[in-house]
Amino acid sequence: MEIRSVKGSDYYVISPLINEWWGGRQMSDKLPKLFFDHFQNTSFIAEKDGKIVGFLIGFLSQTYPEEAYIHFVGVHPDYRKHGIGKRLYNEFFNIVKKNGRNIVRCITSPVNKVSIAFHTKMGFEIEKNGDKEVDGVSVYADYDGPNQDRVLFVKKLVY
């Protein structure tokens, strides 16, 4: 498997797959093309035999000079549990460190138990100051708008 930086044309391959990879959930509108054009140095594609099997879209925070943010990650359902997500995250962590950053943030929906488990396993901590709990997890209600609750994660990178 090869990990490479994204390019603008990858959007046209990935965008039609997103809702399918998420089991029919409407998710593709959360990843506009601008991410593929403007965050190529911090976003990655996993390919196996020339086929895209995973991606990570991330960026260095413009507001917080010590932080980076992972916006969107996906792994093809047939390739999950093969370490692809972990490799993509580690590639991002390496770029973050090279840029002198030591904090990585990301969010997920409280219904995405797989994502919560993955991030916890990857060493992320759930931010505890949410205004409600769902299944024992701190959640920020309406974080992304009405009825768009989110779990917030933070990871401190060690050099």
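The legends below describe close-up views of a predicted model.

Residues are numbered from 1 along each chain as its sequence is written, and side-chain values rest on heavy atoms, with hydrogens and water left out. Because the model is predicted, local features need pLDDT of at least 70 and side-chain atom pairs count only at pLDDT 80 or more, while totals for chains, interfaces and linings use all residues.

**View A. The open sheet of 7 strands.** The strand order is β1-β2-β3-β4-β5-β9-β6, with mixed pairing, where strands are DSSP runs of E with at least two residues, helices are runs of H or I with at least four, both numbered from the N terminus, and two strands pair if DSSP finds at least two bridges between them. The edge strands, each pairing on one side only, are β1 (2-5) and β6 (125-126).

**View B. The pairing of β4 with β5.** Strand β4 (residues 67-75) and strand β5 (residues 103-108) run in the parallel sense over 3 bridges, and tyrosine 69 has arginine 105 in β5 as its bridge partner.

**View C. The buried and exposed residues of helix α1.** Asp10, Tyr11, Ile14, Ser15, Ile18, Asn19 and Trp21 of α1 are buried, meaning under 20% relative accessible area, with exposed over 50% and partly exposed in between (1.4 Å probe, protein chains only). The face of α1 turned away from its buried side carries the exposed residues Tyr12, Pro16 and Glu20. The buried residues of α1 pack against β1, α2 (34-38), β2, β3 and β4, contact being heavy atoms within 4.5 Å.

**View D. The residue after α1.** Glycine 23, which follows α1, has a positive phi, near 65 degrees.
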